[in-house]
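Thanks for making the time this morning.

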Amino acid sequence: MEVVNTFMTWIFKNRIGQIENFKENPIAIQNEILFELIQEARRTDFGKKYGFADIVTYADFARQVPIHDYEQMKPYIEETMKGRQNIIWPTEIEWFSKSSGTTSSRSKYIPVSQEALEECHFKGGKDMISLYVNNYPDSKLFSGKALTIGGSLSENPLASRSKSKVGDISAVITHNLPIWVQMARTPSLETALMDEWEAKIDKMAREVMDENVTSISGVPTWTIVLLQRILELKKAKNILEVWPNIEVFFHGAVAFGPYRSLFKELIPTEKMRYMETYNASEGFFGIQDQRDSDELLLMLDYGIFYEFIPMEEWERENPKVVPLSQVELGKNYAILITTNAGLWRYKIGDTVKFTSIEPYRIKISGRTKHFINAFGEEVIVENAEKAVQEAADATGATITNFTAAPVYFGDSKSKGAHEWVIEFRKMPVDQEFFVQCLDETLRKINSDYDAKRYKDMALTKPKVHLVSEGVFETWMRSRGKLGGQNKVPRLSNTREHLDEVLKLI
């Protein structure tokens, strides 16, 4: 295995030269990508509509192609899902990544072309390993198996008899991995793509617990649930008793800070390494490239062209948009992407701050809307407002305000949850039913929340404090923010606001 490890490490390190190239020539490479995308898609329906054949400069592109959110891209995507091709991208699109929905949809479906799979998602996975072994030349990563924790696939809801499929981006990637990668990972493909999470976690645990696992890739939430189950089955005190050669956890999707102490409890060694990635349904955007910093290197040669909207411009009808060459350090930007899967000037909803421009490195600063995404559930304000209103209607209540935040895993045996403070002018006639309706509505309208709530495996029933009118007014007054345009933050990924309100109850 030492020979294999040495050879594979050498193979992956060869990519470092290409990464250095885009670090040194970022703007030239981004411009090259933009015009390759325009050229490729000029004969698509979208390309004809917006005159791609006439675009010769970035200014032409910015003037002729409008900014799109999901609702505006949705008609093109749905036509593609129904089987029509050459709508937004010239090659056939058979895969769609499912993520949490918008106000009008339970789920969003993001097109994943073959080019996006190979030139973006697969390339991102390879670069993640390349950067890791370059930073840690003593790594024994390839002496064991890579544990990957992904989602599931299902039929295309708009064309059930077609060969196209939808699923979490992790499941789409896992299903399409080349055979040599499948041989290096665990659990089996069949188990990895199971959709019944309780059975899936148990089967995964039984399959992987006797393997020589050296790395884990996944969302912290499900990783914790799996590790807890493995410890139960093995009757072990910590994961090092199960996998003594474990050395790295590649993580993404949610902020890792609240989970760090729990992972140290589960894997109690200073030798364990943690490496952050920024991989979304829409593309693979960033990778931690330094040993001593969690900043993310913006990956610029993945078939994605980046633009940015300064957050002070976000609410305007025609916001100012800047290309990569014009971003400023420390400023908060919303991301626009144009991709090799047919997303054009698309608002992904994330915000970033640049921590470096030589090379371009970022930190994820939040979302363009208030949200809770502590466990990968992606609950947005629209979800919360709809759930609260339906619960109020069902129980004869009148709501004046609310706020919610996560309850993070306290230790290796605990589960996560959401905690709410909801203020009423008229209390619900049945408080338990109110909470039940709130939870059930969120599950109905948000597929990611529903997956985490399944049999209380990752998220338990929400903890809800029902309070009489006046609590939030008192709280806002105490903060000097009563009146004007100041608003109660309805959702937050941190507990600061919630804990302040709880002190007044």
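This is a predicted model: local features need pLDDT of at least 70, side-chain atom pairs count only at pLDDT 80 or more; totals for chains, interfaces and linings use all residues.

Let me turn next to a sheet. Strands S19, S20 and S21 form an open sheet in that order, with mixed pairing. The edges are strand S19, residues 398-407, and strand S21, residues 463-468, each of which pairs on one side only. From one strand to the next the twist averages 15°. Within this sheet, S19 pairs with strand S20, residues 417-426, in the antiparallel sense, and nine bridges connect the two; Pro406, for example, stands opposite His418 in S20. Helix H15, which spans residues 431-445, lies across S19, S20 and S21, and its direction is at about 125° to that of S20.

How many of the eight residues of strand S10 are buried? Seven of them are, so strand S10, residues 283-290, is largely enclosed by the rest of the structure. On one hand, strand S9, residues 273-280, runs antiparallel to S10 and is joined to it by four bridges, with Thr277 standing opposite Ile287 in S10, and the hairpin that joins S9 to S10 passes through two residues. On the other hand, S10 pairs with strand S11, residues 293-298, again in the antiparallel sense and over four bridges; here Gly286 stands opposite Leu298 in S11, and a hairpin through two residues joins S10 to S11.

Now to the salt bridges. Side chains of opposite charge can pair when their charged atoms come close. The count for this model comes to 35 salt bridges, and I will take a few of them in turn.

Lys455 forms a salt bridge with Glu198, and their closest N and O atoms are 2.6 Å apart. Lys455 lies in the loop between H16 and S21, whereas Glu198 belongs to helix H11, residues 197-208, so this pair ties together parts that are 257 residues apart in sequence. Lys455 counts as partly exposed at 49% relative accessibility, and Glu198 likewise counts as partly exposed, at 38%.

Arg345 and Glu307 meet through their side chains in a salt bridge of 2.8 Å, N to O. Because Arg345 lies in the loop between strand S14, residues 332-339, and S15, while Glu307 lies in strand S12, residues 304-310, the pair ties together parts that are 38 residues apart in sequence. Both Arg345 and Glu307 are buried.

In the salt bridge between Arg453 and Asp439, the closest N and O atoms are 2.7 Å apart. Arg453 is in helix H16 and Asp439 in helix H15, so here the parts tied together are 14 residues apart in sequence. Arg453 and Asp439 are both buried. There is also one network, in which salt bridges that share partners join Arg15, Lys123, Asp127 and Asp301.

Where is the place of Pro187? Pro187 is in the loop between strand S6, residues 185-186, and helix H10, residues 189-192, and the peptide bond leading from Thr186 to Pro187 is cis, with omega near 5°. Another cis peptide bond joins Glu358 and Pro359, with omega about 5°; Pro359 is in the loop between strand S15, residues 346-357, and strand S16, residues 360-367.

Glu378, although it is not a glycine, has a positive phi of about 50°, and Glu378 lies in the loop between strand S17, residues 371-372, and strand S18, residues 379-380. Glu378 is partly exposed, with a relative accessible area of 26%. Asp456 is not a glycine either, yet has a positive phi of about 60°; Asp456 is in the loop between helix H16, residues 447-453, and S21, and counts as partly exposed at 34% relative accessibility.

How values were computed:
Residues are numbered from 1 along each chain as its sequence is written. Side-chain values use heavy atoms; hydrogens and water are left out. Two strands pair if DSSP finds at least two bridges between them. Axes are lines fitted to C-alpha atoms, for helices over the stretch in contact, and angles run from 0 to 180 degrees between N-to-C directions. Contact means heavy atoms within 4.5 Å. Buried means under 20% relative accessible area, exposed over 50%, partly exposed in between (1.4 Å probe, protein chains only). A salt bridge is a side-chain nitrogen of Lys or Arg within 4 Å of a carboxyl oxygen of Asp or Glu.
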